[in-house]
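Here is a briefing on one structure.

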Amino acid sequence: GRLPIEVLAEGAFAWYPHLEGARTADALNDASVDMTAWSATLAVRYSFHLFGPLALHASAAAGAQHTVATVGAPDVAALTERHWGPLVRGALGVALGALGGRVVLQFEYVYAPAQPSGRVRGNLGGPGGGLGYLVSF
């Protein structure tokens, strides 16, 4: 069987819903923002086997996120920015063994601060969820 503690390399894509009326770092008070991000992290996960192929888990991850944001406002030209920044995440979830790997459903909190050189500000993360398929090597 598997050990209850694993070290993972993870990659993810995030799509952020369109936002209207955002405040930005350069004082645009009615900005619209469209944003996506790619991230790469190293994580540590502890799993607790329940029964059959079902397990609970908790994990902590740290890595980097590449964000692409298009920010515009009335009478202001839209600007697309690309930034790298840090990312940390804590998660709780369940895993179901299937087809040699595991289907993972988790609830998570991500802290990914916006970069000071960009228009977008604040935490680009927050509470969320994840669904994925985990393969062990």
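Which residue in E2 is the bridge partner of Ala-22? That partner is Ala-31. The model is predicted: local features need pLDDT of at least 70, side-chain atom pairs count only at pLDDT 80 or more, and totals for chains, interfaces and linings use all residues. Residues are numbered from 1 along each chain as its sequence is written, and side-chain values use heavy atoms, leaving out hydrogens and water.

**Sheet**
- Six strands form an open sheet in the order E1-E2-E3-E4-E5-E6, with antiparallel pairing.
- Strands are DSSP runs (E, at least two residues), numbered from the N terminus; two of them pair if DSSP finds at least two bridges between them.
- E1 (5-22) and E6 (126-134) are the edge strands, each with a single partner strand, so one side of each lacks a neighbour in the sheet.
- From one strand to the next, the twist averages 25° (axes are lines fitted to C-alpha atoms; angles run from 0 to 180 degrees between N-to-C directions).
- E1 pairs with E2 (residues 31-51) in the antiparallel sense over 15 bridges.

**Nonpolar cores**
- A nonpolar core is a set of buried Ala, Val, Leu, Ile, Met, Phe, Trp, Tyr and Cys residues joined through side-chain atoms within 4.5 Å; buried means under 20% relative accessible area (1.4 Å probe, protein chains only).
- The largest core has 14 residues; Val-33, Met-35, Val-71, Val-120 and Leu-124 have the most contacts inside it.
- E1, E2 and E3 (54-73) each give two or more residues to this core.
- E2 supplies the largest share of this core, four residues.
- Apart from this core lies another, of six residues, including Leu-8, Ala-95, Val-104 and Leu-134.

**Leu-124**
- Leu-124 touches Tyr-16, Met-35, Gln-65, Thr-67, Ala-112 and Ala-114, not counting residues up to four places away in sequence (contact: heavy atoms within 4.5 Å).

Methods: Buried < 20%, exposed > 50% of the residue type's maximum accessible area, 1.4 Å probe, protein only.
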